[in-house]
Amino acid sequence: MSDTIYYNSLILPTIEEIKASTDILSDDNLTTVVRVKEHFAVKYGDHLHLIEVDNLQFLAGQNIPVPRVYSAFIDPETNIRYIIMEYIPGQSLAKLLPSLQPAEKTKICKLLKDTFTRLREIPSQGYLGALNRQPYRNGFFVTEDQEPGISGPFRNQPEMNVTILNILSYFARPAYIRFIREIINRTFIGHRTVFTHGELRSKHVIVEQIGLCEDGSPDFKITIIEWETAGWYPEYWEFCEAIIACEPGFDWLDQLRVIFPPYHRELLMLQSIHSTVCS
């Protein structure tokens, strides 16, 4: 895989150049992201799922701020998967938050709120699951063989609720499942289906200062990365999952309350489910 690959006038990096890069942007032991040359960020790993490419291309068509994809492929010799994307300058919101002024936080949160509002305006495709009726890649629903009864797609919320109860049944006694079934079905019902990130964290938001506003304050541009778990979810999902994953007292909690409409009942229910599954 050392043949030269072109994207328009750009010469894309080879596998050898990718592996030689020491400019590591992220590494979670499953996938690695490195910067290669001036223009490229390359995500690779044998656990990488190329559905992220479909998600990024779909979102680019909806004017959502995501990295451009130049190429994606599997190395037949190693089975390692690669996604070559544009490198996004800036810093993660996770690193920036402690140093931002309140007005700057407000400005960035408005950009995020506007982005997720646009996402929620994309017409539903009539199911719950990943793009193109594929199974969820969200960790809560993932199984080794992507079993449809667990990983989806699901026709509607009641069908998704059955799966949540089935997952709970591996960790809780039958009496508890009988008790909580009605509560789940009364809580997780009647929500719109929206396309969303599925695992939004402050580290997934890249912020770049692009100049100054008329009042002299900084002007920002955001790009959201890591879209592997994206898909069609009930509208409460992103808010609840982001809150549950956030460390108590972390400044990101305050921003999430601005970015998303609140779903307090759903949050308490999902927290209870997570505590049962993870205990």
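A salt bridge is taken here as a side-chain nitrogen of Lys or Arg within 4 Å of a carboxyl oxygen of Asp or Glu. E226 forms such a pair with K43, with 2.5 Å between the closest N and O atoms. The structure is a predicted model, in which local features need pLDDT of at least 70 and side-chain atom pairs count only at pLDDT 80 or more, while totals for chains, interfaces and linings use all residues. Residues are numbered from 1 along each chain as its sequence is written, and side-chain values use heavy atoms, with hydrogens and water left out.

The C-alpha trace spans about 60 × 55 × 35 Å along its principal axes. Ten helices and twelve strands are present. These are DSSP runs numbered from the N terminus (helices: H or I, at least four residues; strands: E, at least two).

Two domains divide the chain: domain 1 covers 15-86 and domain 2 covers 91-278. Their bounds come from an automatic or database domain assignment. The C-alpha centres of the two domains lie 23 Å apart. At the interface, 17 residues of domain 1 are in contact with 19 residues of domain 2 (heavy atoms within 4.5 Å). About 1600 Å² is buried between the domains, 65% of it on carbon and sulfur atoms. Buried area is the accessible area (1.4 Å probe) that two parts lose on being put together, summed over both.

The rule finds one salt bridge across this interface. It also finds six residue pairs in polar contact there, both residues at pLDDT 80 or more. A polar contact is a pair of N or O atoms within 3.5 Å; within protein, one must be able to donate a hydrogen and the other to accept it, and residues adjacent in sequence count only if both atoms are side-chain atoms. On the domain 1 side, helix 2 (residues 51-60) supplies the largest share, seven residues. By class, that side has ten nonpolar, four polar and three charged residues.

Two backbone features fall in loops. The peptide bond from G152 to P153 is cis, with omega near 10 degrees. P153 sits in the loop between helix 5 (148-151) and helix 6 (157-169). N132 is not a glycine, yet has a positive phi of about 60 degrees. N132 lies in the loop between helix 4 (102-120) and helix 5.

Technical notes: Nonpolar A, V, L, I, M, F, W, Y, C, P; charged D, E, K, R; others polar.
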